[in-house]
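Reader: I have the sequence and the coordinates open, and I would enjoy a walk through them. Shall we take it one question at a time?

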Amino acid sequence: MVTNTIFFILYFIVIYILTFYLITFLKYRKKFHFIPKVSHYPKVSLIIPAYNEEDSIARTLDSVLALDYPKDKLEIIVVNDGSTDNTAKIVEKYVKNNGVILINKPNGGKGNALNVGISVSTGEFIATLDADSMVAPNSLKYLIGYFKDKDVGAVTSAIKVFEPKNFLQRMQFIEYTYSIFLRKIWGFLNSQSVTPGPLSVFRADVIKKLGGFDENNLTEDQEIALRIHCAGYKIENCILSETYTFAPSNFKSLWKQRLRWYRGTLRNFIRYRHMFLNRKFGNLGVFVLPSIVMLIFSLFISLAKMIFDFYDSIYLSVKSVFLVGINFYMPEFSISPILTNFFLSINVHSFLLSFMFVGAAFMLYLSYKFSKEYIGSRSVLDLLIFIFFFQLLYIVFWGSAIIYELMRIKAVTRGKW
Amino acid sequence: MVKKKFDTWQYVAVALISILIFISGFILGRKITHLQTSYLNSEIESVYSDVQENIIDFFILEISGKTDEEKRVACDFFNQRIYKISDRVGELAKNIETFEKNNGFEDKEYKKLKSKYMDFLLRQWLFSKKIKDSCGGNFSIIIFFYRNVPPCQECIDQGIVLDYFKKELGEKLFIFSFDTGIDSPSVLYMMNLYNITRVPSVVFEEKVYNRFVSKDEVQKELCSKNIDGLLCDGF
């Protein structure tokens, strides 16, 4: 009875969250691909913090140099954060040939590198770009238009996984595609809680007034976004401004990345807890931040239920061995009992879970549609694996992040590992 | 600086839509529960009518007073029929268990259904007993008293033990499981008949155990009835 009540409350919350996003989509569907026209191009300082990025920095710089943006209005600053590989050597070629500014400094983490870049920048706007990401030619031009609104403090882009090769990258491709849609919805709600490393543009005076990035933060791109909201500025998103990033190709790197993301999120949520359920912060405070926490909470409730059911079946099996010994019986296979069993297994939970599944799948479809991605037969299989299995990994990541935080295991900021 | 705003009407509209979705989930859930209980009801009625037909046939054929040969033919006929019914009852019991597992034990329609199933079990038991007494069939009868609500761990354990013997012996063992948590005159009758004071209780033919009965004890009881298919050395 208690378990049922807890689950029904959770179902309602999840249904509410999904409905809220879908209604927001319907409300703004015609504005999804809207890009404000640019009458003049302001000067933009594009800062690329780099730590041991010899494999990707050239590709990143090539994409930046190919940007469809007036060259005299673009200041490219690479901050070499104490790399021990050939990153500096590679960038030096671009310094000579393309006027890129290179700053070499001792290792101090990504936040510190960005602040050093900001301190030497002269642009009216500051764009940040991770050294393992590439920009599409129109991406910067599309973002700049949003700053016509004086209340806009930052604008984010649509991040896609670059050429996903293995299974793990294909799963992240789906996840990033989903995020493109969600980030746009959050943009409409003025509720983006992250200004991601792979291309976000900030109003320079705002970011300087706020004191730059938090150098000791695990997810400085999230912290700055929350600070921008606290200062009363809007964060917009442009779904047509595409950026490509390399996704971790093995579980170990993914684990490291997610542990940092989620530990950083936990710390930032605690630090900015005054924003939660606070009308002053609009949809972000009243809906988006609490809904993120609720979704994490529901993951753990589901995990608890899975553990309980698993324990129950293990307990029964062990008990059975104690009571009657080990016995094997060949199961009888025939379609009719299986169908009857399926029919008799359907209950209220099945319907509510199906509604949630349909809502989430529809959002996934919209994500693909609006980020102009094609759903092939292979993608369908990947999507099913993502929905039914891969998401279980989030429980592992979040669970580990919470345990690590509770045990106060030392965390390392980006660029220091 | 922008004043953060939100559309209160959107929150209200979303709440209303969510409530609607939620309620429709419940309505569909109720509808499917109704369909499931109707299906199980029709299954019970179908097996029930089979049993009733057999009972009528049994009295028409009047086994007692016949020649040995006539009696043997009639007994073979009824033994075959009772095995067939027993298979169907096994399927029915499994289906009811699946339904219970997914819908719980509180539904009113389910309680009615379970009570009807208990009535059916009583008749099936009476018929099986009659066949065994008259024809001396090569099967043993066990009556098992258990309870689902409130939970009874020993009943689950006893279920595991009895299930093991059912799997081992198949049609040579008939188990009639009566849920004492169900408000049913048939269950009450059986409890009074065997003076059942607690659950689990197990009745082997006429021998009553008002307690959990272990695997060895069950085996000993079954071996004493000379049931084929059991390793009875040492029992």
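Reader: Happy to start inside chain A. Which residues of H4(A) are buried?

Author: Keep in mind as we go that this is a predicted model. A residue is called buried here if 20 or more other C-beta atoms lie within 10 Å of its own. In H4(A), the residues that pass are Lys110(A), Gly111(A), Asn112(A), Ala113(A), Leu114(A), Asn115(A), Val116(A), Gly117(A) and Ile118(A).

Reader: Why is helix H4 of chain A described as largely enclosed by the rest of the structure?

Author: The helix covers residues 110–120 of chain A. Its buried residues pack against strands S1 (44–50), S2 (74–81), S3 (101–105) and S4 (125–129) of chain A, and also against helices H7 (204–209) and H8 (220–230) of that chain. The helix is largely enclosed because the buried residues number nine of the eleven.

Reader: Now to chain B. Is it a compact globule or more spread out?

Author: Chain B holds six helices and four strands, running α-α-α-β-α-β-α-β-β-α from the N terminus on. For its 235 residues the globule rule gives 18 Å, while the radius of gyration is 24 Å, well over that value. Along its principal axes the C-alpha trace spans about 105 × 40 × 30 Å.

Reader: What share of the residues in chain B is buried?

Author: The same cut-off applies, with 20 or more other C-beta atoms within 10 Å. Of the 235 residues in chain B, the buried ones make up 27%.

Reader: Last one: which helix gives the most to the side of chain B that touches chain A?

Author: The contact takes 31 residues from chain B and 33 residues from chain A. Helices H1 (8–61), H2 (68–103) and H4 (153–169) of chain B each supply at least two residues of the side that touches chain A. By class, that side of chain B has 16 nonpolar, ten polar and five charged residues. With 15 residues, the helix that gives the most is H1(B).

Note on methods
Residues numbered from 1 in each chain as written. Chains lettered and ligands numbered in written order. Predicted model: local features only at pLDDT ≥ 70, side-chain atom pairs only at ≥ 80, totals over all residues. Buried ≥ 20, exposed ≤ 12 C-beta atoms within 10 Å, placed from the backbone. Contact = placed C-beta atoms within 7 Å. Nonpolar A, V, L, I, M, F, W, Y, C, P; charged D, E, K, R; others polar. Rg over C-alpha atoms; globule rule 2.2 N^0.38 Å.
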